[in-house]
Each structure stands twice: as structure tokens, then as C-alpha cells.
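Trainee: Could we go through this model together, beginning with the aromatic rings?
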Amino acid sequence: MLTGKKIVLAVTGSIAAYKSCELLRLLIKRGAEVRVIMTEAAQRFVTPLTFEALGAQTVYTGDWDQHQSAIPHIDATKDASLLLVAPATANILAKAAQGMADDILSAAILAARCPVAYAPAMNTYMWHNQATQRNVTQLTQDGALFLGPASGEQACGDIGSGRMLEPEEILEALKGAFSPRLLDRCRVLITAGPTYEPIDPVRGITNRSSGKQGYAIAKAAALAGAEVTLVSGPTNLKTPAGVRRIDVTTAQEMYDTVMREVSQHEIFISVAAVADWRVANSSEHKLKKEFSGAPEIIFEENPDILASVAALENAPYCVGFAAETDNLIDNARAKLYRKHVPLIVANLVSDAMNQDTNTVVFVERDAATPLTKATKEHVAQELIAKIAQEVN
Ligand code: CTP
């Protein structure tokens, strides 16, 4: 992915600057040629020598005398593939959003003709402050890419979002900077994982689904430039970078969440293995076998989320999934008609369950296009390309 790419790594004054040393090492290891720009504040945390020793081609600082060129802020990004500001403080986001150029980095950002990506790092209250969020919105509208921030415990002890992504996560998220932006700024709503329907506080019924395919689609959509909302049933998976995730448990919660969110989205991809039935007589107390014996479970039907979304007046472009044990194409096409959607991604249960690969067929009204067996990530990229073709 990074072979031959010229990346300018810009470091600003945050404690996360120490992680930029590892980031530089990983970028070089993956084949990139890296130049570094450091603000004055960054040099209080790490030194230019550290980056030189780790293999940076040049380290630009605010010290104009030190540079051979009189215009380092222009030279730094001249033939660059990407300017990556990591860590990016609230201060540099504010300066960049305003188009200020009062130090080497803000001037370099203004002069950059390559894409600019920011990996924010700051206290969670600073991140959530309206001024910072306004700057992020402005920079995003101007075409900048945001990698993170992550959530968790911060250097100051506060807990919340604002932590810089780990170097490995930044590399992963960087794929977006080099991927074709097939769904640029398109808003995509995705359901993934199973739902869980309680029988009592310790027992329940669920569908077998790891969520891997849905999460891979969320990731591929985000890498294609989409704003992704992922409504997820219980899984053990990490949220893909840049994806907004809403956790739900039951089918009814998933339905309520999707119906609340859907009007904000242009595309709906229904990957979740939704339980068709919930337990009507679920118990608030644990059922005890010595008192009640085998329980009699009464099922009632859950709402069909995909069909409900497709029936909306201003329905988004809808994609469904069909996991079948037999008659794959016929069953998938029957679902396509029953739920009134233009595309169903069909697969045999045996081809996907408990696996990192999948073998799918894109089923439409008048076509069935089989894809060769591939990783779920690859299937996700193919699906995003197909959707982009359909909606554009
Ligand atoms: N789906 C949904 N809400 C439900 C059931 C299914 O949104 N209550 C969606 C799934 O996310 C998938 C598609 O509908 O995109 C097909 O799901 P599937 O379970 O295969 O279809 P069903 O309609 O439940 O049919 P059956 O279980 O009889 O095969």
C-alpha cells in the first residue's frame, strides 16, 4: 500500500508525539519515504534527532536558518502523496481551519497540494468543544481526512474520546487516503451481527453470526469516503476506524434505532442476522427448573427491518443479505421481491459461517452475478464498488 509513497509526517505538541516515532518506523517499514515537519511545541516532547535516527529523509523545524531551502514549507509537501498530521492538536486544527500560516506546519498545510489527514490528540473536553468540532467540520468539508480520535483513558486522567489512534490503527485507517473515494461523503447505514432475544436474564435465543461481514462492509464504506453508521448486535469486534457505532441487543432495539437514523442516510445495507422471533413471555427473574420445569416459550414475530426501510416513502438505496442452506438464487430472489429491494447478496450458510472468507452472488431482478471465493474484506470492497455503480 505504501511502497514508493512520499509521506510528510507532521508532529505537533502533544504527549502523543512519542507515538509518532513508532509511526515513522512503521511507515518506512511499509515502503514509504517519509519527511517530518515538527512544530516548536512538538520539539519539547521529542527531538528532531529522534526522527532522523529512525530514518526520516529530512526533518523540517521552525528554524528557518537550519534549512538549505528558503521555502521549506513549500518544499516539504511538493511531490508528497499525503501530509499526515499525527498527533494533531486542537491548535493546529483551528489554524488549518482558518487558513492561518504563522509557523512552518500551518504554512505547509496551506501550501499542500496533496491530501491532508489528521490524527487528533487532545483532552476529551477540548475535542468535544464546539469550536473544535466546528473546525473538524470545516476541514472535513475542505476535503481533509480524519483518522480517529480513539476513546479511552487519557494522559490527564480524563476518560473519553480524544486519544490519538495507535500507530498500527493509523496505518490501517490510512488505506482510506489511498483508496478511491467511491462513496465520497455518502451517508451509509449498516446493520451487522446477530440480535439476542432474552428468555430470562441469563438465557436467550440468537442467530449464529460473528458480524465479520457487516463490519468489513462498514470499514470498506468508510475507506470509500462514506459517513458510516453501524447498528450492531452483540459481537466481539472492534469498531472500524471512522465508523459511528450504535450497539443494540434485540431485534426491536435494532428496528427502533434504524428507524430513528434512516432518514439521515442515502444507503441502507442490512447485513444483520435478525432473529425472526422474540420471546413474548420472557421472565424478569431467572427461571428455576425445580419450580417451573421446562418452560413453555411463546414466540411473537419481530418487525422486518429491511422490508420496513424499503417501504418508506423516501427509502434509501437498500441492500439485503440472504444466508441460505439450499436453492440459493431462488430463495434470494424471493426475498428481493418480498422486501422490495434492488439487490440481495446471497451466500450459502456453509460458505460463510465461522470463516474469514465468503462466496457470494449478487442477486438482482434480472441478473445473478457470482463472485469467486474471497476474504470478507474483499467481498465488502466488491459490494461497495457495486453499490457505488448503482447509486451514481
Ligand atoms: N432482515 C431484517 N429484519 C428481520 C429479518 C431479516 O432486516 N426481522 C433482513 C436481514 O438483515 C437480511 C434480509 O432481511 O438482509 C434477509 O434475512 P433472512 O433472515 O435471510 O430473511 P427472512 O426474511 O427472515 O427469511 P427466512 O428466515 O425465512 O429465510
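Trainee: How many aromatic pairs does a search of the whole structure find?

Mentor: The search finds one aromatic pair, where rings of Phe, Tyr and Trp (its six-membered ring) pair if their centres lie within 6.5 Å. This is a predicted model, in which local features need pLDDT of at least 70, side-chain atom pairs count only at pLDDT 80 or more, and totals for chains, interfaces and linings use all residues. Residues are numbered from 1 along each chain as its sequence is written, and side-chain values use heavy atoms, leaving out hydrogens and water.

Trainee: Which rings are they, and why is the pair called stacked?

Mentor: They belong to tyrosine 118 and phenylalanine 146, and the pair is stacked because the planes are at 25°, with the centres 5.4 Å apart; planes under 30 degrees apart count as stacked, over 60 as edge-to-face and the rest as tilted.

Trainee: And where do the two sit in the chain?

Mentor: Tyrosine 118 is in strand 5 (residues 116-120) and phenylalanine 146 in strand 6, 28 residues apart, so the pair links distant parts of the chain. Strands here are DSSP runs of E with at least two residues, and helices are runs of H or I with at least four, numbered from the N terminus.

Trainee: What is the strand order in the sheet?

Mentor: Six strands form an open sheet in the order 3-2-1-4-5-6, with parallel pairing, two strands being paired if DSSP finds at least two bridges between them. Strand 3 (59-60) and strand 6 (145-146) are the edge strands, each pairing on one side only.

Trainee: Which residue of strand 3 is the bridge partner of isoleucine 37?

Mentor: That is tyrosine 60.
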